[in-house]
Amino acid sequence: MQFLKNVLSSLVALTIFTIGAFFIGLVFLGAIVSMNEVKVEAEPNSVLHLRMEGSLQERSQKSLSSLFQMQEELDLGLDEILCAIEAAKTNDNIKGIVISCGLFDGGYASVEEIRQALQSFKNETGKFIVAYSGAYTQKCYYLASVADKVYLNHEGVIDFNGISSSVAFYKGLLENVGVEMQVLKVGTYKSYSEQYTSDKMSPANREQNTVLTQSIWKSILTDISLSRGVPVDSLDAAASSFVSFQSQQQCVDWGLVDGLRYYDEVEAELRMLLGLEEDADIPSVEVKDLLPEAPTESLTDKKQVAVVYAVGEIDNGTMEGICSSELAKTLRQLAKDDEVSSVVLRVNSPGGSAYGSEQIWRAVSLLKEKKPVVVSMGDYAASGGYYLSCNANAIFAEPTTVTGSIGIFCIIPNAKGLMQKIGIDNDEVKTNPYADVPNLTRPLSESERNIMQQYVDKGYKLFVTRCSDGRKMPYNDLEKIAQGRVWSGVTAQQIGLVDALGTLGDAIKYAANLAEVSDYDVVEYPEKKEWYDLLTEKPSLGMDKLFMGTTLKKEYDVLDRVRRMERMQAIMPFEMDIR
């Protein structure tokens, strides 16, 4: 007995020691990270080095998972990049910007926003921008094309081959495991469920994909043409020639780049532009060096324009994405805050829960009664993302924003075939006809399907009504452009779903103008969390993803989303990958 007590005591002591050591280790790691984040002041004749590598996010945010990785997490924050470019405008020590491109990915609308900020930097300051890479991704080339000089390594490549939009279909997988996806939806173009019920795009889905990609591609070609002085038709012809496998000199001849350079040759040109001696070090600062140290709350007596970020899926059941109750709470608090003159809702969301979208819509509507609300759309503001936007005073989008998708659907899996394959039988008793609905071990009955379809129809009618009222458009006219169809920002403006094409900065200026304030502070919500704040998050949410890595992330997310689909969804009509 005494031996057992000793063993248990040792186990308890070991457990306490392990937990304590774990948290002490995290604190120590955080201290090391903090020490490494030392800001560098810009010396005279400096450049801002814009390293476009990794994944572009709406806002920079340290993640808990990054603490467990042996290498630096390559996430770029759109907010920080825009802030650094703006700061470089007024910093007399910074004479230009150098864009270096690596393996980079991000939404086209976000890339376009950075591109416009760089164009503004050139126009307003007369300072130079030079871009250089040995391998331009298409999105990075689109960004870099705004530079005064675009250089390619002598053995480099440019991925400039046009846009494709691919959709993965899981019907075969589900059939193999014995699962049937029972779909109830409204909207001819609401094609999300096709991933589980078909092996190819429907005609309607193919139509909207084609129109969307062509619109985005046209916007990209137009922007590059204006910057490079190359006709749109010539750029399009080059893209149809498989640029990635053409000679580097051909890229020069087409006007895609200004010349072929090794890095030392680019450095020599930078020294000349900066007036430095040969072989002198080139002073440079990074994005993080130009970020303000002030807290998000304003410390002045100025009126505030609040920027509220709504990023990710709505109520997706993890720590990521939009929590409708938290977002609605923030909007209600801002309605009562007399220091806040107006609110810009920055939406970058493919949608999600129809119920959650309605709650946010309500909070936006109540806020609008007190002060102006302007929506700024990012890469996506579709389905539920459009739902929560539709009643704002004004909506801004980028030309390449994906928006619309006004439609509703519901998916109920039937795993009876899977149960039979693995030898599981199910039997039950119930007090009422629908006591076991939804039941994943059997198909829906005709009466169950009819009742649920009526519920989905009702949700769709409410969605269209919200958009009709918000956009001040007759219901029948709005319904014609609804049907679950997605639109680019350019087309959305033409058909009345958005008011103007512009950046987040444009939306902020417009909101301030509506509130009749000219001198104001911009305050962001919610506040960014430090790595140690994430330790207080619910550890059960999303922890499985923490250890999944990125190998099967997309496939895991799709299957996990199906598992969670118990209510009506207002989400984009297909799992879209635009490249």
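Colleague: I'm taking buried to mean under 20% relative accessible area, exposed to mean over 50%, and partly exposed to be what falls in between. With that in hand, is K89 buried or exposed?
Modeller: Keep in mind that this is a predicted model. K89 comes out at 14% relative accessibility, so K89 counts as buried.

Colleague: Which side chain meets K89 in a salt bridge?
Modeller: That's E86, and the N to O distance is 3.3 Å. E86 has a relative accessible area of 46%, which makes E86 partly exposed.

Colleague: Where do E86 and K89 lie?
Modeller: Both sit in helix α2. They are three residues apart, which is about one turn of the helix.

Colleague: How many salt bridges does the structure hold?
Modeller: There are 21 of them. One of these pairs D79 with K528, with 2.6 Å from N to O.

Colleague: What does the D79 and K528 pair tie together?
Modeller: D79 is in helix α2 (residues 78–90), while K528 is in the loop between β19 (520–525) and α19 (543–546), so the bridge links parts that are 449 residues apart in sequence.

Colleague: What about D289, which residue forms a salt bridge with D289?
Modeller: K288 does, and the closest N and O atoms are 3.5 Å apart. D289 is buried at 10% relative accessibility, whereas K288 is partly exposed at 40%. There's also a network elsewhere: K430, D436, R442 and E448 are joined by salt bridges that share partners.

Colleague: Switching to the backbone. Which residues does a cis peptide bond join?
Modeller: V437 and P438 are joined that way, with omega at about 0 degrees. Y525 and P526 also have a cis bond between them, with omega at about -10 degrees.

Colleague: Where are P438 and P526?
Modeller: P438 is in the loop between α14 (416–421) and α15 (446–471). P526 is in the loop between β19 and α19, and K528 from the D79 bridge is in that loop too.

Colleague: OK, which residues have a positive phi without being glycine?
Modeller: N45 is one, with phi of about 60 degrees. N45 is in the loop between α1 (2–36) and β1 (46–57), and N45 is partly exposed with a relative accessible area of 26%. K472 is another, with phi near 55 degrees. K472 is in the loop between α15 and α16 (475–480), and at 69% relative accessibility K472 counts as exposed.

Colleague: Which residues does F160 touch?
Modeller: Leaving out residues up to four places away in sequence, the contacts of F160 include Y141, W217, L221, I224 and L235. Q138 and S244 are among the F160 contacts too.

Conventions: Residues numbered from 1 in each chain as written. Predicted model: local features only at pLDDT ≥ 70, side-chain atom pairs only at ≥ 80, totals over all residues. Heavy atoms only, no water. Salt bridge = Lys/Arg side-chain N within 4 Å of Asp/Glu carboxyl O. Helix = DSSP H or I, 4+ residues; strand = E, 2+ residues; numbered from the N terminus. Buried < 20%, exposed > 50% of the residue type's maximum accessible area, 1.4 Å probe, protein only. Contact = heavy atoms within 4.5 Å.
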